[in-house]
There are 2 protein chains.
Amino acid sequence: MAPPGVLNVGLIGLGTVGSQVAARLIERRDALARRSGGELNLCRILVRDPAKPRALEVPPGLITADPDLLLDDPAINVVVEVAGGDEPVRTFLERAIKSGKHVVTANKLVMARHGPSLLELAGEMNVDIHFEAAVGGGIPLISTFRTDLQANDIERIGAIINGTTNYVLGRMATDGIDFQAALAEAQAAGFAEADPTDDIDGHDATYKLAIMASIGFGARVAPEEIYREGIAGIQQVDFRYARELGYEIKLVAIGSRLDGRVEVRVHPALVPGGHPLAQVQGAYNAVFIEGDLVGQVLLVGEGAGGRPTASAVVGDLIDLARSIRRGVQLRSAFSFDPEVTLVPMDDVISRAYFRIRVADRPGVIAAIGTVFAEEQVSISSLIQKDQWVADGTAELVVTTHPASNGALERSRLRMGDLDTVRSVPAFIRIFE
Amino acid sequence: MAPPGVLNVGLIGLGTVGSQVAARLIERRDALARRSGGELNLCRILVRDPAKPRALEVPPGLITADPDLLLDDPAINVVVEVAGGDEPVRTFLERAIKSGKHVVTANKLVMARHGPSLLELAGEMNVDIHFEAAVGGGIPLISTFRTDLQANDIERIGAIINGTTNYVLGRMATDGIDFQAALAEAQAAGFAEADPTDDIDGHDATYKLAIMASIGFGARVAPEEIYREGIAGIQQVDFRYARELGYEIKLVAIGSRLDGRVEVRVHPALVPGGHPLAQVQGAYNAVFIEGDLVGQVLLVGEGAGGRPTASAVVGDLIDLARSIRRGVQLRSAFSFDPEVTLVPMDDVISRAYFRIRVADRPGVIAAIGTVFAEEQVSISSLIQKDQWVADGTAELVVTTHPASNGALERSRLRMGDLDTVRSVPAFIRIFE
């Protein structure tokens, strides 16, 4: 065991985040010891390839590729995991907990998929798991849900929680370039991964929403239960039409709770220009929370990157060190209300924006109006946009009043079958 | 003492905040017990006038006007104070701590003036003081500084932290009414007190900044050490000129730390239109924090009012209940770095906006330019605004590059003495 007052830290991962965590622990040793009430002693770092050249100078002997040297070392009392991905990391964390080590993790995937079972195990082993860095980088989100807003019933969460898609959509909106060009640029600038699927298709946002919904609503939400749509289908022209109507297009993660049912979804949405989420630029994340007492709270910050994420990881480590020094056991784990059920996506109510490519001739609007009417969808605005005389087509933009997602989807399908409709290139829900 | 798992709560104050706290504790007893891991039992309420009619139905026998019945009751283990003001509340809290009771308080004045000594006393008595509600209503601010951002050196705090002045300035900006009319309207709408001095003159903001600077910078800052200017001198025309230059006018609380010195000030400022603080409307508060790891974080929410403040108070109570259940002692108190000194206001560097009423004749600009040059203040823009042919005067608007406050103030005085200058009706610093 570590001498009293010293926390021996084993770090898993020495990439973008890990090297910032290690740098802070090494370079600011004294300040962190003062704030923690005891030393945070980085004593082992697990990496895949110890021979890889690294910018950070690490004291010799710290780095290893052998998980056992970290996980089986009884002197290490905290494992800090910033490697990411599911396996083998989940197994590493389980082993750490089983041998009585506390865990600090930045791993959204593991926490979204296995958080409840790991937290349960940690409870049995009387150790703690901190995961502030798993959602929203350095934004104090998990602590806000777990502690500050505990007097509230959380009613709604609306979040821009994926920096890559926000950057890509922002470039499309501002510079009039198309999705592929914006994505290529984001990759070149280091804002998107070589394989950007996880971000672009909305998976990343579902992991983060699963964690927030679990804590915020007390609902056991698995990421794959969240309705998900990515941004690859958004076309340039929709930004122009959205702006004309007073909206920005953002990938939003939405959770809401009503009458014991929880609604969770990730999709592109038209966000009203005056809403704070519409203003969130580039790689910033923003989470909008509504509680029954607190009203509306907005938290904004850099949602990813080495330094902001390291801020959350090391903050968790200090919090943990203080708890250990005071002899504290487990903080509140997720506690689930078994009564809570998820709202099927068909029943989710929203307004929507449709862009419809039609034959430019009489009767079109009557036919479209009939479809919407039969599906009980009420039209809010209908504007004819560009016309192409050459092929006799025109584009209509329709916004609707609130309607069930089932009715909106059926309207879309049925319009596609009309003789007078060539295609329905855009169906985007409106966030309000 | 309370039976294990039960926290006996004595409440001081049953006004706007107190009745919301009492209502939540009474009406949501079971949910709060589940979240706290034990019952939060409201067992006494201290008020000034027990006979006063109240909207909230409180179980009979709870209300008393005798402080001893609350402070000397050994069964009460937490005192929740939402009465506000300095004495007699400070004495009540000191008595509570000395008899081993924990404290949750929403009292910015007591925490700004006496926080350090009360926290020290609490440390000796092995009890805890929570004061999340003292700054920014339900916005999770204190916990963010105390825990989430502890891995950072906080570099800068910029805040809109007084709802009354933000509402008044917003009305002046949007509706073209003057200060007195906007203030009267705010009073009628319940956004300003009958005696609004504490808000309008910036005192309220200094209490909140003192608390944030103490925690954020580890500097022992008393509210009276903070440079302070209120909003009563802001004239209607300055909103128009500011907008033309791309700024909004806000009352800002600014703290920054550089080279071991801390700068703290509260004054009206021109805030660039694109800055998030420029967008903060009405009674909302917003706090912008820059840390060396996390980068920029923005926290926004309703900064006052019964329900948001009760959210923070009851959140603190749940946090405290969990700590007590786990046998925890004192959390981190303020810890001060004795080396830190305050920057004298004369040495504070900022850009500035001047509005100057001049005789409309040749030589004016040369004379003004000479004053600024002699004070080493570099002019960024100089625009002639309205002209009044009848009395031969005109208005000049000058913005400067960064300069010391001493040089800016001397420039203002010396311009006032020029033959060609009638008056200098506005000198407003620019927030960047």
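Predicted model: local features only at pLDDT ≥ 70, side-chain atom pairs only at ≥ 80, totals over all residues.

Colleague: OK, where do Arg240(B) and Asp386(B) lie?

Modeller: Arg240(B) lies in helix α11 and Asp386(B) in strand β15 of chain B, so the bridge ties together parts that are 146 residues apart in sequence. Arg240(B) is partly exposed, at 40% relative accessibility, and Asp386(B) is partly exposed too, at 28%.

Colleague: How many salt bridges are there over all chains?

Modeller: A search of the whole structure finds 60. One of them is between the side chains of Asp153(A) and Arg35(B), at 2.7 Å from N to O. Asp153(A) is in the loop between α6 and β7 of chain A and Arg35(B) is in helix α2 of chain B, so this pair joins two chains.

Colleague: And what about Asp72(B) and Arg95(B)?

Modeller: Their side chains meet in a salt bridge as well, at 3.0 Å from N to O. Asp72(B) sits in the loop between α3 and β4 of chain B, while Arg95(B) is in helix α4, 23 residues apart. Arg95(B) counts as partly exposed, at 30% relative accessibility.

Colleague: Since you brought up α4(B), which of its residues are buried?

Modeller: Val89(B), Arg90(B), Phe92(B), Leu93(B), Ala96(B) and Ile97(B). Looking down the axis of α4(B), the buried residues fall within an arc of 160 degrees, so they line one face of the helix. Just after α4(B), Gly100(B) takes a positive phi of about 80 degrees.

Colleague: Switching topic: how are chain A and chain B related?

Modeller: Rotate chain B by 180 degrees, with 0.0 Å of shift along the axis, and it superposes on chain A with an RMSD of 0.0 Å. That is the relation of a two-fold axis. In chain B, the C-alpha nearest the axis belongs to Leu299(B), 2.4 Å from it. Both copies use the same surface, as 100% of the contact residues of chain B recur in chain A.

Colleague: Last one: which residues make the nonpolar surface patch of about 210 Å²?

Modeller: Ile365(A), Ile379(A) and Leu382(A). Of these, Ile379(A) is found in strand β15 of chain A and is partly exposed, with a relative accessible area of 30%.

Definitions and conventions:
Residues numbered from 1 in each chain as written. Chains lettered and ligands numbered in written order. Heavy atoms only, no water. Buried < 20%, exposed > 50% of the residue type's maximum accessible area, 1.4 Å probe, protein only. Helix = DSSP H or I, 4+ residues; strand = E, 2+ residues; numbered from the N terminus. Arc of directions from axis to C-beta. Patch = residues over 30% accessible without salt bridge, like charges linked within 9 Å, V, L, I, M, F, W, Y side chains within 5 Å. Areas by Shrake-Rupley, 256 points an atom, 1.4 Å probe, with all protein chains shown as cover. Salt bridge = Lys/Arg side-chain N within 4 Å of Asp/Glu carboxyl O. Least-squares fit on C-alpha atoms with pLDDT ≥ 70 in both. Contact = heavy atoms within 4.5 Å.
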